[in-house]
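Colleague: I have a model open and want to learn how to read it. Can we go through it feature by feature?

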Amino acid sequence: MNLSQLLFSLQKKRIDAIEESYKNAEELQLRQLLHLTHFSQSTEWGKHHSYEQIRSYESFAAQVPLQGYDEIKPYVERMLEGENDLLWPGHTTWFAKSSGTTNDKSKFIPVSSEALNDCHYRGAKDTLAFYGHNHPESRLFEGKSLVLGGSHKISSQINHTFVGDLSAILIHNNPAYTDLIRTPHRDVILMDEWEAKLDKIVEVTYQQDVRSLSGVPSWMLVLIKRVLEKTGKQYLTEVWPNLEVFFHGGVSFAPYREQYNALIPSSHMSYQEIYNASEGFFALQNDPTDNAMLLMLDYGVFYEFIPFNELENENPTAVPLWGVETGKNYAVIISTNSGLWRYKLGDTVTFTSTNPYKIKISGRTKHHINVFGEELMIDNAEKGLMRACAATGAVVKEYTAAPVFMSAANKGKHQWLIEFEKAPASAEEFAGILDKALQELNSDYEAKRYKNMTLDPLEVDVARKNLFHDWLKQKGKLGGQHKVPRLSNSREYIDELLAMNVR
């Protein structure tokens, strides 16, 4: 038995416990909720919302309103000043800085010690446990794990509170022994300047025995291409022949899968998705034959869900986990062991199964197009792009889309700005295939496109090389957890990009 097999074998009981937990999912989630509220009843938030009286989900939902960041911001600002026992018992040392794609306004998400250990790190361990369970031949721990984290250093505030992006916080608090298998060293991973950090990572790692990759697909692809440029190799398997898995999250992998397959042409390469955000670790892919993710129920997180079509209602209906249905879009609401209470996460998911509970991320509550009642989600967009790419041989690198509003002379339509890794022979043909695919995938879009009565056919504008990179760089948002907003109800992003789209 090699080292990897030995370490994975120690996780067998954990796999069994997770599988057993789904037999009593409702009971487990209720226990999570009552533990969270009982533990927090002496906090300022808990006293204000009478947590000592909560004995059921119904009383919790009646006593605690739904929250966004604006509602908890006054508490967070006091916590950053060093006040204790506000949203969560005791002193919160760490705050994950999150700007939510390209918004200039930063959010500071509290990350308690309980969340670090019982949520984020437990999620990482369970991810490895399932990987080892599914790949008993793995030799993962006999080489290095390349981690591509965020580009923010930890910055000290006052009264022993610290701010950084989530990946920086996780790396900073990792036990020292993780440095034995992780590459590059944490000093390099936490470098602040993105371009310099990429160059340093390449320099440090290209001659090492890298067995796994961890990061956001779009930014990892940038690193991979730099490694190939440095080494003069065509395939990553020529640089790291023992590479076996990419643990990825942050954005959908679908638009990048073909590029990864081309650069890593190995039947032994695996891809495993995780759902880890500043607010918590929520789900992981436990089955390599199913690209849905298993929702994790014992990480100190209680889940609720709002049907997407109720999001704009003044009093939307929120349902607990046992009230969801498969195939419907839901906005995610969380209560966590960092003191986020009925917090609107900003993501939307669909359930593919309720036994066990498995999800796919379908988009963001603020990143969709619904100006004309079409309810176009990111999941629709990326499936449509995949069909258009398959039909034309194109490869998409980055994209965004926005509405063209109705005028006295013209109907509305959608405008797509796409940067291609491999451009189609005809952008017009690509647009036609994409438009047809979206109608097949989304009945609301199809209805608005019927005989061009409400919407004209969508248009595709081709972006110059590195347009999106240059735009993010201009905003100081290269690398790490920063993402291009895929869909928007406004033209804010696309108009800025079009203004820069000069060849």
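Colleague: Where does Y275 lie?

Modeller: This is a predicted model. Y275 sits in strand β9, which covers residues 270-277.

Colleague: Is Y275 buried or exposed?

Modeller: Buried means under 20% relative accessible area. Y275 has 6% relative accessibility, so Y275 counts as buried.

Colleague: Which residues does Y275 contact, beyond its neighbours within four places in sequence?

Modeller: Among them are G280, F281, F282, A283, M293, V332 and L345. D347, V349, I359 and I361 are in contact with Y275 too. As for H248, it is 27 residues from Y275 in sequence, and the C-alpha atoms are 8.6 Å apart.

Colleague: How should I read a nonpolar core?

Modeller: Start with the general idea. In soluble globular proteins, nonpolar side chains tend to be buried together. Here the largest nonpolar core has 72 residues. Y275, L295, F305, I334, W341 and F351 have the most contacts inside it. Another core, of 43 residues, lies apart from it and includes V216, W240, L467 and L478.

Colleague: What does L295 contact, leaving aside neighbours within four places in sequence?

Modeller: Its partners include Y22, F282, A283, Y303 and F305. L321, F351, Y357 and I359 are also in contact with L295.

Colleague: At what angle do the axes of α7 and α8 cross?

Modeller: Roughly 110°, and the axes come within 12 Å. Angles of 65 to 115 degrees count as roughly perpendicular. Helices α7 and α8 are therefore roughly perpendicular to each other.

Colleague: Which residues make that contact?

Modeller: L116, H120 and Y121 come from α7, while L166, I169, L170 and N173 come from α8. By class, 5 are nonpolar, 2 are polar and none is charged.

Key: Residues numbered from 1 in each chain as written. Predicted model: local features only at pLDDT ≥ 70, side-chain atom pairs only at ≥ 80, totals over all residues. Heavy atoms only, no water. Core = buried A, V, L, I, M, F, W, Y, C linked by side-chain atoms within 4.5 Å. Buried < 20%, exposed > 50% of the residue type's maximum accessible area, 1.4 Å probe, protein only. Contact = heavy atoms within 4.5 Å. Axes fitted to C-alpha atoms, helices over the stretch in contact; angles between N-to-C directions. Helix = DSSP H or I, 4+ residues; strand = E, 2+ residues; numbered from the N terminus. Parallel < 35°, antiparallel > 145°, perpendicular 65-115°, else oblique. Nonpolar A, V, L, I, M, F, W, Y, C, P; charged D, E, K, R; others polar.
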